[in-house]
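Here's a quick briefing to read alongside the model. Have the viewer open as you go through it.

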Amino acid sequence: MGPNSNPLMASAEDFAERFVRLTKHSLPQVGRLCLISTFLEDGARMWFQWSQQRDYIQATWDCGTLLASAFVFLNLFGQIGGCILVLSRNFVQLACCGLFGIIALQTVAYSILWDPKFLMRNLALGGGLLLLLAESRSEGRSMFAGVPTLQESSPRQYMQLGGRLLLVLMFMTLLHFDTGLFSMLQDVVGSGLMALVVLGWKTKLAALTLTLWLLGTNLYLNAFWAVPAYKPMHDFLKYDFFQSLSVVGGLLLVVALGPGGVSLDEKRKKDW
């Protein structure tokens, strides 16, 4: 079957391709900004809630004031510094490694490791960083550059694959698994789109659709601005909002960069 065997799907894919072409300069920048937004917000929170964060870590781990303060300091400057490097496009790989370390540190410090929902969201955030790392790597720098038979095995391709696999974990936390008609429809459509992104089949269209879905869901479910700042729910919703926004940024990078060499889209191109 040729590429235009389904006119509706072909039109949708053409729209996605036109969107990518029209936004080829701005889309990666918007994706990067969205991706690091949760680190910017959390770094700012460390500054404004220094004493609360320090006291929480000290009480939870009984580690003393010095170590608790060092934890807050590391999170504050590690995240803000990493974000500055990413936005300025300087030492991006080093910044990504540092932000990976922050995710791992917080996963342990805040006992996220034992909460499946928050763990999957942290892993999805790590997937976004993998895509950011892949974007920063030029194919020309790869040790396999110039060798067509090995090009698809370059580290960048596997970073893109890993990023796609981890990003969809965010959507798994949004599935309802109940018997309501709308919820069932949402779960079926969402699962289908997730499968397309994982397999790298019609990836740009699927990732763009997931971006719109997650953005709408995020604005509806995590409207922290509608909750008074003194209520605990305000911080909870704010945390969820910026984590979801970071995954939106990762999906925008998938739209901008494509799925990479380890994908069905790439295989389809070769078959044609």
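What follows covers the basis of the model, then its cores, aromatic pairs, loops, a glutamate and the cysteines.

This is a predicted model, so to speak of local features a pLDDT of at least 70 is needed, side-chain atom pairs count only at pLDDT 80 or more, and totals for chains, interfaces and linings use all residues. Residues are numbered from 1 along each chain as its sequence is written, and side-chain values use heavy atoms, with hydrogens and water left out.

**Nonpolar cores**

- A nonpolar core here is a set of buried Ala, Val, Leu, Ile, Met, Phe, Trp, Tyr and Cys residues joined through side-chain atoms within 4.5 Å; buried means under 20% relative accessible area, exposed over 50%, and partly exposed in between, with a 1.4 Å probe and protein chains only.
- The largest nonpolar core has 46 residues, and those that touch the most other members are Phe39, Leu132, Phe171, Leu210, Leu214, Val247 and Leu251.
- Helix 6 supplies the largest share of this core, with eight residues; helices are DSSP runs (H or I, at least four residues) numbered from the N terminus.
- Leaving out residues up to four places away in sequence, Phe171 touches Met194, Leu210, Trp213, Leu214, Val247 and Leu251, where contact means heavy atoms within 4.5 Å.
- Another core, of 11 residues, lies apart from the largest one and includes Leu76, Tyr110, Ile112 and Phe118.

**Aromatic pairs**

- Searching the whole structure turns up 11 aromatic pairs; rings of Phe, Tyr and Trp (its six-membered ring) pair if their centres lie within 6.5 Å, with planes under 30 degrees apart counted as stacked, over 60 as edge-to-face and the rest as tilted.
- One of them is the tilted pair of Phe118 and Tyr239, at 5.8 Å centre to centre with 50° between the planes.
- That pair links distant parts of the chain, with Phe118 in helix 6 (residues 116-136) and Tyr239 in helix 10 (residues 232-257), 121 residues apart.
- Both Phe118 and Tyr239 are buried.
- Phe224 and Phe241 make an edge-to-face pair, because their ring centres are 5.4 Å apart and their planes sit at 65°.
- Here Phe224 comes from the loop between helix 9 (203-221) and helix 10, while Phe241 is in helix 10, 17 residues apart.
- Phe224 and Phe241 are both buried, and together with Trp225 and Phe242 they form one aromatic cluster.

**Positive phi in the loops**

- Asp62 follows helix 3 and has a positive phi, near 50°.
- Asp62 sits in the loop between helix 3 (50-61) and helix 4 (64-88), and its relative accessible area of 71% makes it exposed.
- Helix 3 itself checks out on length: at 1.5 Å a residue its 12 residues should span 16 Å, and its end C-alpha atoms are 17 Å apart, which agrees; the expected span is 1.5 Å times one less than the number of residues.
- Phe91 isn't a glycine either, yet its phi is positive at about 50°.
- Phe91 lies in the loop between helix 4 and helix 5 (92-109) and is exposed, at 62% relative accessible area.

**A buried glutamate**

- Glu13 lies in helix 1 (residues 7-22) and is buried, with a relative accessible area of 16%.
- Setting aside neighbours within four places in sequence, Glu13 is in contact with Lys202, Leu205 and Arg268.

**Cysteines**

- A whole-structure search finds zero disulfides, a disulfide being a pair of cysteine sulfur atoms within 2.5 Å.
- Cys83 is in no disulfide, and the nearest cysteine sulfur, that of Cys96, is 10 Å away.
- Cys83 is buried at 1% relative accessible area, whereas Cys63 is partly exposed at 25%.

How values were computed
Helices (H or I, at least four residues) and strands (E, at least two) are DSSP runs, numbered from the N terminus.
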